[in-house]
Amino acid sequence: MDPPKIFVERTLCILKPDAVHKADEIEDIILRSGFTILQKRRVQLTPEQASDFYVEHYGKLFFPSLVAYMSSGPIIAMVLAKEKAISYWRELIGPTNTIKARQTHPDCLRSIYGTDDQRNGMHGSDSFQSAEREIRFFFPDTITEPIGMGQAARDYLAKAVNPTLLKGLTQLSKQKPLDPVVWLADWLLENNPNKPKVKDQGIV
Ligand code: CDP
Ligand code: MG
């Protein structure tokens, strides 16, 4: 039997105009929930772009006001990555209607950051197909295939990288430098177990 594969999925998250002023706070929650933010753009859609994005709702009663709302101010589009990112992000944001969400899912993000049944704070792709289309809408150059992580890749990382990385991360969290990424990069170069050991006389 093949070992199970871990699939990192990508999904599109939009902070809608009524939630953009809380962007820092929401991004913090996103990161603490285990997502990686792969891409981020702040844009203001034209009404034409907003209609195009929500084309599946064309003809519905709420469509014109949805388009007006989504083009009324800047929004922040982000590509989020995580195992099962699509369903997990939908779960975190909660039901579409903020008013109802406050009754049934008081801890969900729409309940906290949304305003009403239309201005509900954020968007999340609802399927793999829509995630692919929506990511491409905002980030046309992205590759959206899921990244499969097989046993061989996990074994390789476990053997070749994780032990050193773990030591580096332990030191990093003790020292808490101002620029953690540069600090870790320097530490890894300095402590690379594959680096030839240089002695006074030369390489041994
Ligand atoms: O965003 P979600 O996938 O949860 O809901 P949707 O049914 O795909 O609707 C898209 C967006 O249209 C919602 O997020 C609301 O902003 C808006 N909407 C609305 O204004 N009035 C409704 N009755 C339903 C949705
Ligand atoms: Mg939808």
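Predicted model: local features only at pLDDT ≥ 70, side-chain atom pairs only at ≥ 80, totals over all residues.

**Entry 1: K60**

With that settled, I place K60 in the loop between α2 (47-53) and α3. Its relative accessible area is 39%, so I note K60 as partly exposed. I then looked up a distance: K60 and K82 are 22 residues apart in sequence, and their C-alpha atoms are 33 Å apart in space.

I moved on to S72, in the loop between α3 (63-70) and β3 (75-83). Is S72 buried or exposed, or something in between? At 49% relative accessibility it counts as partly exposed, because the cut-off for exposed is over 50%. The side chain of S72 has a polar atom 2.6 Å from the backbone oxygen of Y69. Leaving out residues up to four places away in sequence, I found S72 touching P17 and Q44. I also checked S72 against K174, which is 102 residues away along the chain: 45 Å separates their C-alpha atoms.

**Entry 2: Q118**

Next I looked at Q118, which sits in the loop between α6 (109-113) and β4 (122-124). Its relative accessible area is 19%, so Q118 is buried; the limit for that word is under 20%. Which side chain does Q118 meet in a polar contact? I found S65, at 3.1 Å. S65 also turns up in the list of residues that Q118 touches, not counting those up to four places away in sequence: K16, F62, S65, L66 and Y69.

**Entry 3: α1 and what follows**

I went through α1 (23-32) and wrote down its buried residues: A23, I26, E27, I29 and I30. Why do they belong to the same side of α1? They cover an arc of only 160° around the axis, and that puts them there. On the other side of α1, I noted D24 and R32 as exposed.

Then comes S33, in the loop between α1 and β2 (36-43). S33 has a relative accessible area of 16%, so it is buried. Its side chain reaches back to the backbone oxygen of I29, at 2.7 Å. I29 is itself one of the buried residues of α1. Setting aside neighbours within four places in sequence, I listed K82, Y88 and L92 as the contacts of S33.

**Entry 4: positive phi without glycine**

A rule I keep in mind here: most residues other than glycine have a negative phi. I looked up two residues that go the other way. K84 has a phi near 55°, a positive value in a residue other than glycine. K84 lies in the loop between β3 and α4 (85-93), and with a relative accessible area of 55% it is exposed. For K176, a residue other than glycine too, phi is positive and near 45°. The loop that holds K176 runs between α9 (162-175) and α10 (180-190). K176 counts as exposed at 65% relative accessibility.

**Entry 5: α7**

Which residues of helix α7 (residues 128-138) are buried? My list reads S130, A131, E134, I135 and F138. They are on the same side of α7, because they cover an arc of only 130° around the axis.

**Entry 6: A160**

I found A160 in helix α8 (residues 151-160). With a relative accessible area of 40%, A160 is partly exposed. A160 and P193 are 33 residues apart in sequence, and I read 9.4 Å between their C-alpha atoms.

**Entry 7: the largest pocket**

The largest pocket has a volume of about 370 Å³. It is lined by 16 residues, and the closest to its centre are Y54, H57, F62, T96 and N120. F62 was also among the residues that Q118 touches. What is the lining made of, by class? I noted 3 nonpolar, 6 polar and 7 charged residues.

Key: Residues numbered from 1 in each chain as written. Chains lettered and ligands numbered in written order. Heavy atoms only, no water. Helix = DSSP H or I, 4+ residues; strand = E, 2+ residues; numbered from the N terminus. Buried < 20%, exposed > 50% of the residue type's maximum accessible area, 1.4 Å probe, protein only. Polar contact = N/O pair within 3.5 Å; in protein donor to acceptor, adjacent residues only side chain to side chain. Contact = heavy atoms within 4.5 Å. Arc of directions from axis to C-beta. 1 Å grid on protein atoms, 1.4 Å probe; cavity = no way out; pocket = protein on both sides within 12 Å on 5 of 7 lines; lining within 4 Å. Points joined across faces, edges and corners; volume = space filled by probe spheres on them. Nonpolar A, V, L, I, M, F, W, Y, C, P; charged D, E, K, R; others polar.
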